[in-house]
Amino acid sequence: MLDEAERHAAAGVLRAAERDRAPVAPLRETFPGIGTADAYAIQLLNIAWRERTRGERVTGHKVGLSSPVMQRMMGVDEPDYGHLLDGMALREGEPVPAGRYCRPRIEVEVGFLLGADLPGEGCTEKDVLAGTEALVPAIELIDSRIRDWDIRIADTVADNASSAGYVLGAGRVPPDAVDRRAVDVVLYGPDGDETVSGRSDAVLGDPAAAVAWLARTVAAFGVRLKAGHLVLPGSCTRAVDVAPGQTWTARFGGGLGPVSIAFS
């Protein structure tokens, strides 16, 4: 475990890395003994800093490590999570400066737009579906402030689960109008060719299960998933590196439709 001074120091290291676009050594090396509890505390310190100094507000959460393969890679047996803030929202049609980030990648996800607050402890998939206003096509922009994406669980959790931004498509589908576990998605690269493809059941077998896990987990910290929030439950495919001048388009089945992101 780290003491409070070390947690604040680690939070400052990540802020400086983001500000300077200069990735740093893994926190597990700089702060030996860092654990998952420390990492979540560091994440919260930087979320509070963004709220206090930038006036940003929390607009949702993201779930990471939602596939068994990624969990085995990180040596964990459950997902992790990060915060989404209004300053992270990106717009389709507005190129994103790639130089704003350290080493950006994108992931494709079936987002959940909440129409009602979710229960905390004991939240089930049924509760998630009852509280979801619509499913939405989403691309998450992820970035690591850790050099060369050399991350383990404490590194990514402290770094807000490597979250950096997100863009939503125009499609909105009620959760009872589609099989949420069988939404196919194809990501097309800058040349228009298929780069990766996947299906929504890659996320814990059911993306609603990831949202329910999140609601139960954050409840232990006195946090609720609220009406109006967006939840990104995890990627249907592997992450893809991006570069300036590229445009990427994900096309979802189930009536969700497309979502695109361009980089300058």
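1. Basis. The model is predicted, so local features need pLDDT of at least 70 and side-chain atom pairs count only at pLDDT 80 or more, while totals for chains, interfaces and linings use all residues. Residues are numbered from 1 along each chain as its sequence is written, and side-chain values use heavy atoms, with hydrogens and water left out.

2. Salt bridge count. A salt bridge is taken as a side-chain nitrogen of Lys or Arg within 4 Å of a carboxyl oxygen of Asp or Glu. The count under this rule is 16 salt bridges.

3. Arg7 and Asp38. These two residues form a salt bridge, with 2.8 Å between the closest N and O atoms. Arg7 sits in helix α1 (residues 4-20) and Asp38 in helix α3 (residues 36-54), so the pair links distant parts of the chain, 31 residues apart. Helices are DSSP runs of H or I with at least four residues, strands are runs of E with at least two, and both are numbered from the N terminus. Arg7 and Asp38 are both buried; buried means under 20% relative accessible area, exposed over 50%, and partly exposed in between, with a 1.4 Å probe and protein chains only.

4. Arg28 and Asp150. A salt bridge joins the side chains of Arg28 and Asp150 at 2.8 Å, N to O. Arg28 is in helix α2 (residues 27-30), and Asp150 is in the loop between β5 (132-142) and α6 (153-158), 122 residues apart. Arg28 is partly exposed at 28% relative accessible area, and Asp150 is partly exposed at 30% relative accessibility. Arg28 and Asp150 also belong to a salt-bridge network with Arg152 and Asp155.

5. Asp241 and Arg105. The side chains of Asp241 and Arg105 meet in a salt bridge of 2.8 Å, N to O. Asp241 lies in strand β10 (residues 240-241) and Arg105 in strand β4 (residues 105-114), so the pair ties together parts 136 residues apart in sequence. Asp241 is partly exposed, with a relative accessibility of 43%.

6. Second largest pocket. Its volume is about 330 Å³. A pocket here is an open set of points on a 1 Å grid over the protein atoms alone, where a 1.4 Å probe fits, with protein on both sides within 12 Å along at least five of seven lines; lining residues have an atom within 4 Å of a point. Points are joined across faces, edges and corners, and the volume is the space filled by probe spheres set on the points. The second largest pocket is lined by 16 residues, and Glu18, Arg21, Arg50, Arg54 and Arg100 lie nearest its centre. Elements giving two or more residues to this lining are α1, α3 and β6 (163-168). The lining divides into five nonpolar, two polar and nine charged residues. Ala, Val, Leu, Ile, Met, Phe, Trp, Tyr, Cys and Pro count as nonpolar, Asp, Glu, Lys and Arg as charged, and the others, Gly among them, as polar.

7. Helix α3. α3 has 19 residues and spans 26 Å from its first C-alpha to its last, close to the 27 Å expected at 1.5 Å a residue. The expected span is 1.5 Å times one less than the number of residues. Among the buried residues of α3 are Asp38, Tyr40, Ile47 and Arg50. The buried residues of α3 pack against α1, β1, β2 and α6, where contact means heavy atoms within 4.5 Å. Gly55 follows α3 and has a positive phi, near 75°.

8. Helix α7. This helix (residues 207-219) has 13 residues and reaches 19 Å from first to last C-alpha, close to the expected 18 Å. α7 is mostly covered, with ten of its 13 residues buried; Trp213, Leu214 and Val218 are among them. The cover includes β1 (58-64), β2 (80-85), β4, α5 (125-131) and β9 (230-232).

9. Loop residues. Gly228 lies in the loop between α7 and β9 and is exposed at 58% relative accessibility. Gly228 and Gly115 are 113 residues apart in sequence and 5.9 Å apart in space, C-alpha to C-alpha. Asp148 has a positive phi of about 60° although it is not a glycine; Asp148 is in the loop between β5 and α6 and is exposed at 56% relative accessible area. Ser162, also not a glycine, has a positive phi of about 60°. Ser162 is in the loop between α6 and β6 and is buried at 4% relative accessibility.
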